[in-house]
Amino acid sequence: MASLLLNPASTTHLRLTPLYLQPFHCRAVHRRRRRQPPTAVDFHRILSSPNDEIIMATQEDQLRQILSQSLSPDKTTRQNAERALLSARSAPGHALAVLRVVSVSNDPPNAATTGGDLPVRQAAAVHFKNMVKGGWAPDEDNDDGRVARYIIPESDRALIKDNLVSLMCTVPPQLQSQCSESIALIASSDFPARWDNLLGDLISKFADPSNSDWNVVNGVLLTANSILKRFRHVQRSDALYADILYVLERLQEPLTRLFVSITSQIDGIDMAGDIIGLTARLSALRSINRIFFSLNYQDLPEYFEDHMGEWMAGFAKLLQYTNPILVDEDEETQPAPTLTLLPNPLNLVGSVLVRIRRFNGATGPIDNVQVSVVQNLNLYGNKDEEPFLPYLPQFTTLVWNLLMTVTPHSKHDALATISIRFLSSLIGKLMHRQLFEGEGTLREIFGRIVIPNLTVRDIDEERFEDDPAEFILSDMESSDTESRRKCTQELLRAMCRQFESQTTLICSEHVSQMLGRFAADEDQWKMKDVAIHLMLGIAIRAESAQFGVSQVNDGINVMEFFSSQILSELQEADMSVRPMVKATCIKFVSTFRNQFTKEQLVALIPLLVSHLGTSDVVVHTYASVAIEKILTTKVDGINNTKECKVSGAELKPFLNNLFTGLFLIVDNTDLNENEYVMKCIMRTLSVARDDLMDVIQVVLEKLTAALAQVAKNPKNPQFNHFLFESIAVLILAVCTKDATLTAAFEHFLFPPFQTVLQMEVVEFTPYVFQLLAQILEFRLEGSGLGEAYTSLFPPLLTPILWERKGNIPALSRLLTAYLSKGPNDLVPHLLGILGVFQKLVSSKANEQYAFDLLRGIIVYLPQEAFMPRMKDILQILMMKLQHGRTPRYVGNLTHFFALFIGKFGSQAYLDQLNQLQPGLGLMLLVQVWVPRLQTVSPTRLEAKTQIVGLTKLLCETPALLSDANSQKIWSQVMGCAVKIVCSPESNLNSLSIQDNNDDADIGYDATYSVLHFATRPAKDPFPDVSDAGTLLVQSVGKLCSSHPGRITPLIVHGLSSNSKLNAGFEVLCQKAGVQLS
């Protein structure tokens, strides 16, 4: 590869960086002039001289003042402090100075109370954690939302890693959690390879028998748990197993000793009245169990197999453990002790009394540790580990007994759900069938587990009325949140997999009895609710959250149950009657939407629309969900396609009432932003897109009003995403029919968009840029940019906009739209655009957007505008190839080469590259371009672009026919071109994948949320080429005619390695009517 790289001497005359990147560099230079980096200080060492102490104290006081200002209620003061902290992040010693603020209390020595400066210390801890998050391992994909522009100096890192664990053990719990997170973040990058003392430091804190500080023990165990969680969700690899082995060799034995020791202590005589000590030990056991879970997640380690008896004995003891001093049987919620700081041996922050607080639905310490035990049992049960099988009957009995003693109170929900899930995993497997077979056992499961956990509780009614968001989250089928009902229905389905006929029979008996009790007394509506949930549990054989039920239990007549029990509830005009049952009935319709005919679904829509008017949030939310899911239900169409079961024409009669009901909910500021309602609006607009002209103005006014409201305080990212999707689908539907209406959208949307940009609502700016691009792309050809877009363009090159990585995809698309619609207007801004290109291409995460921009430049701008800069552009690309070559970068680069040649010819390609280094064009072809095409075949639009470029390269480059070596290159290029044309995966003449809008998985993404309905349509840079394969063979045929007898042997040689290519090329020639000479 060295032969390809430019001679450094040949590049010294290029001074393009100051020219292109002046807007990006001037501010950084200004900062460097102003900033006085603090002196590097080890926060645990005593300074060597009084002068150093004075300097350090002054800097520390300044830092404390800035941190205090960052908590100010005054926005200007707070923002100035935040900017000061951001600008100091990479200064040598800054991270150490921050940690010193965290470690040392600044309370007066004789203060009556301590902790007065705790908020400042906590702000310092959060600031340090954020520094680590964004600057410890600064790759372009860091999570702080900004492109990495700083890094914690190497000189500070060793001191930080040597002292951070000790610091965590000496600060109050409020700070300890932040330090623990910082350790875990550093460990994700450096552990174990570059932090080999971390595990030893952590172990030393809990393995020392003399250490009785449970704050320290629990702190290091929580930290170890955070670090080792990654073992659960990382793809298996040799490197992963090497890391697990490294940890096991050091941790498995002391962890086991600690586990055995604590389990022997919890029922000791000295623990009888020590609530604090007992709770601390149970908390430690919970952390130990989670660490055990991580270490066993991938495979059962040999050590734990050998010591399984000790662990299983401890697990069994914990599942049977009770202690009345930690339980209040009369309380719905569990009193939870708040473990603040115990008397600290280092006397850094004094001591704080431990107090008891009540949490809404908090899980008690005993339940917490028992939940962690059952999670471990569930892990082993799902793995079917042979050494665990002898213990399985005992633990099945213990978990069963736990469920028998669990109360309906919400404080026991976590234990109930994981225990039910454990039984479900066993009962659903054939190998464990003998543990549950027998009608008596199945009936007992129904009577003692299924029915009690499906029955509506007082807490469920309270949530339904007072906290509907929480109720919906736990009850929705597609939610990840577990609830007793959802886990119980999974248990029923597991029972049906092994004992379908018996389960169906027993369940049907219960359903009949409950419906009979309801018929006799309608005040017993809970019986009907349980009956419906029983049907939801046993009727489904196969389903998916996106597409609904695909297979039902043959023993259940779903439609008959709907007609007799569900329909009457939906037809009830009084919305205040049995609202929880109504919600369950609507959920039934939504779940079994595939089983309804088109006519039934159309008849259901007005019933569901009527439920949008109820004041019960759960009911109108479930109605919105049901309508949205009905509109995505599909049936088989022509040519193996899928089409909506309910079309826009069938939806049209209900549009006015539907939009009225939906927007009444959105407009009600007393209600929280409802993402399900907004998603229903989006889906309705999508399905009814051909019939929106009558409602467009009203809908757009409602959407922009909602946008103005949420922009004041964005709270619900899913709601916000569906709001912008709704605007996008409205633009798509209307402007596809009449592009002149872009002016109307500009009139309506520019004012709220300007408000968003002026208010710096960072959550919304990527959406605004996408919609601006969408509207601009719909402008009529030749209409120019218009005044609004023209005035908007210069601020788009402002550096701060490009610092947030969430903005970059949308901004680069918007710049490309500008290039396509106003190329002449953008020529004066070319240097600024190229500055953006250079910034993006330097980042691995953003290089794709750099090439999108570069392709836009050469496709849309006049050739005379950018060709004088082409040498500098290629210089940037070659330097990135030298220092940051990856398969993705090579793919983007060769795609660009093909486009450039397709537009300007092969000689322009060779001339431009040869200016940098003689022969560079052919060397890139041989060593970069051809190898890439030999290993990876491009698809769709890139495949077509490659064929167009390669065809010109083959047929318009005399240098490739000048000697034997060049002719060999020609043959290789020919083989690559034919390979692309003949590949069935290339979809050569298809511009892009045609997404089905109704099936799309649309939703918010924390990194960058693409607006599905604003997706840029692929634009063919070579619209005159209808068939790239035909172009190739016709052009090669003409070349053969002009060089009789010379080209055919080269073709044969290029295709000789693959007989399929030879046959495919012959088919192409026959199809195009080309006969080679």
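Helix α18 spans residues 413-427, and its 15 residues reach 21 Å from the first C-alpha to the last, close to the 21 Å expected at 1.5 Å a residue. The expected span is 1.5 Å times one less than the number of residues. The model is predicted: local features need pLDDT of at least 70, side-chain atom pairs count only at pLDDT 80 or more, and totals for chains, interfaces and linings use all residues. Residues are numbered from 1 along each chain as its sequence is written, and side-chain values use heavy atoms, with hydrogens and water left out.

**Chain overview**
- The protein chain has 49 helices and six strands; both are DSSP runs numbered from the N terminus, helices being H or I of at least four residues and strands E of at least two.
- Of the 1077 residues in the protein chain, 54% are buried (under 20% relative accessible area, 1.4 Å probe, protein chains only).
- Among contacts (heavy atoms within 4.5 Å) in the protein chain between residues at least 6 apart in sequence, 74% join residues at least 24 apart.

**Enclosed helices**
- In α18, 13 of the 15 residues are buried, so this helix is largely enclosed by the rest of the structure.
- Helix α41 (residues 870-883) has 14 residues and reaches 20 Å between its first and last C-alpha, close to the 20 Å expected at 1.5 Å a residue.
- Ten of the 14 residues of α41 are buried, so α41 is also largely enclosed by the rest of the structure.
- The buried residues of α41 include Asp-872, Gln-875 and Lys-880, as well as Leu-874 and Leu-877.

**Nonpolar core**
- The largest nonpolar core has 336 residues; such a core is a set of buried Ala, Val, Leu, Ile, Met, Phe, Trp, Tyr and Cys residues joined through side-chain atoms within 4.5 Å.
- Leu-534 and Leu-877 have the most contacts inside this core.
- Leaving aside neighbours within four places in sequence, Leu-877 is in contact with Phe-837, Val-841, Phe-851, Leu-854, Tyr-889, Leu-893 and Phe-896.

**Cavities**
- The whole structure holds four cavities of 30 Å³ or more; a cavity is a set of points on a 1 Å grid over the protein atoms alone where a 1.4 Å probe fits but cannot get out, and lining residues have an atom within 4 Å of a point.
- The largest cavity has a volume of about 50 Å³, volume being the space filled by probe spheres set on the points, which are joined across faces, edges and corners.
- Residues lining the largest cavity include Phe-464, Asp-475, Arg-485, Asp-529, Lys-587 and Tyr-622.
- Helix α25 gives the largest share of that lining, four residues.

Definitions and conventions:
Buried < 20%, exposed > 50% of the residue type's maximum accessible area, 1.4 Å probe, protein only. 1 Å grid on protein atoms, 1.4 Å probe; cavity = no way out; pocket = protein on both sides within 12 Å on 5 of 7 lines; lining within 4 Å.
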